[in-house]
Amino acid sequence: WAGEAIDAARGAMDSRFTALMAESYKRAYPSMVQAQLLSEMEEIVVLRKIEGSAEAGAHRHPANRPDHIGARKRLVSTWRDRLAGCRVDAEVHASVLAVRSLVLGPTDEVDATL
């Protein structure tokens with residue numbers, strides 16, 4: 001049901017986002033950040049599913065298990081790249097890091113929190 005809630009939130013912001021983009025990038029930026037956060041929530045849902053599959057398939061040969069560790073590393077790398085592309089803004093970084101805290105601990109992304 002998390003995916004449905006994310007889709008509903010994205011749908012609710014769609015028309016507002018389009019209108020703001022027509023006005024200016026600066027006014028649309030907070031909505032762009034919200035869209036990014038929704039995407040990251042979807043990525044977290046996918047990661048949790050991979051982790052669940054790996055746990056359920058613990059009896060399988062390692063070559064046949066989902067690579068949840070590799071998936072997490074790729075996700076964190078993608079997130080680092082995205083954060084580097086964000087405006088340096090404490091409020092934006094705080095909201096991004098709050099969502100990511102569903103996966104990361106406070107010591108996982110020390111550079112991002114500083």
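Visitor: Is the crossing of α1 and α2 left-handed or right-handed?

Guide: One caution before that: this is a predicted model. The crossing of α1 and α2 is left-handed. The residues that make this contact come from both helices. From α1 they include Ile 6, Met 13, Phe 17 and Leu 20. From α2 they include Met 32, Ala 35, Leu 38 and Val 45. By class, the contact of α1 with α2 has 13 nonpolar, 3 polar and 5 charged residues.

Visitor: At what angle do α1 and α2 pack?

Guide: Helix α1 covers residues 2–23, and its angle to α2 is about 160°. The two axes lie 9 Å apart. Angles over 145 degrees count as roughly antiparallel. α1 and α2 are therefore roughly antiparallel to each other.

Visitor: Now the next pair. How do α2 and α3 pack?

Guide: Take the angle and the axis distance together. Helix α2 runs over residues 25–56 and helix α3 over residues 68–85. Their angle is about 170°, and their axes are 9 Å apart. That makes α2 roughly antiparallel to α3. The crossing of α2 and α3 is left-handed.

Visitor: Which residues in α2 and α3 meet?

Guide: On the α2 side, Gln 36, Glu 40, Glu 43, Ile 44, Leu 47, Ile 50, Glu 51 and Ala 54 take part. They meet His 68, Ala 71, Arg 72, Leu 75, Trp 79 and Arg 82 in α3. Sorted by class, the contact of α2 with α3 holds 7 nonpolar, 2 polar and 5 charged residues.

Visitor: Step back to the whole chain. How many helices and strands does the protein chain have?

Guide: The protein chain has 5 helices and 0 strands. Along the sequence, the pattern reads α-α-α-α-α. The C-alpha trace spans about 55 × 35 × 20 Å along them.

Visitor: Then the pockets. What lines the largest pocket?

Guide: Read the volume, then the lining. The largest pocket holds about 160 Å³ of space. Its lining consists of Lys 26, Tyr 29, Pro 30, Val 33, Gln 34, Arg 87, Asp 89, Glu 91, Val 92 and Ser 95. The elements giving two or more residues to that lining are α2 and α4 (90–100).

Visitor: Which element gives the most to the lining of the largest pocket?

Guide: α2 does, with 5 residues.

Visitor: And how do the residues of that lining divide by class?

Guide: The lining of the largest pocket has 4 nonpolar, 2 polar and 4 charged residues.

Methods
Residues are numbered from 1 along each chain as its sequence is written. This is a predicted model: local features need pLDDT of at least 70, side-chain atom pairs count only at pLDDT 80 or more; totals for chains, interfaces and linings use all residues. Side-chain values use heavy atoms; hydrogens and water are left out. Axes are lines fitted to C-alpha atoms, for helices over the stretch in contact, and angles run from 0 to 180 degrees between N-to-C directions. Helices (H or I, at least four residues) and strands (E, at least two) are DSSP runs, numbered from the N terminus. Angles under 35 degrees count as roughly parallel, over 145 as roughly antiparallel, 65 to 115 as roughly perpendicular and the rest as oblique. A crossing is left-handed if the near helix is turned anticlockwise from the far one by less than a right angle, and right-handed if clockwise. Contact means heavy atoms within 4.5 Å. Ala, Val, Leu, Ile, Met, Phe, Trp, Tyr, Cys and Pro count as nonpolar, Asp, Glu, Lys and Arg as charged, and the others, Gly among them, as polar. On a 1 Å grid over the protein atoms alone, a cavity is a set of points where a 1.4 Å probe fits but cannot get out, and a pocket is an open set with protein on both sides within 12 Å along at least five of seven lines; lining residues have an atom within 4 Å of a point. Grid points are joined across faces, edges and corners, and a volume is the space filled by probe spheres set on the points.
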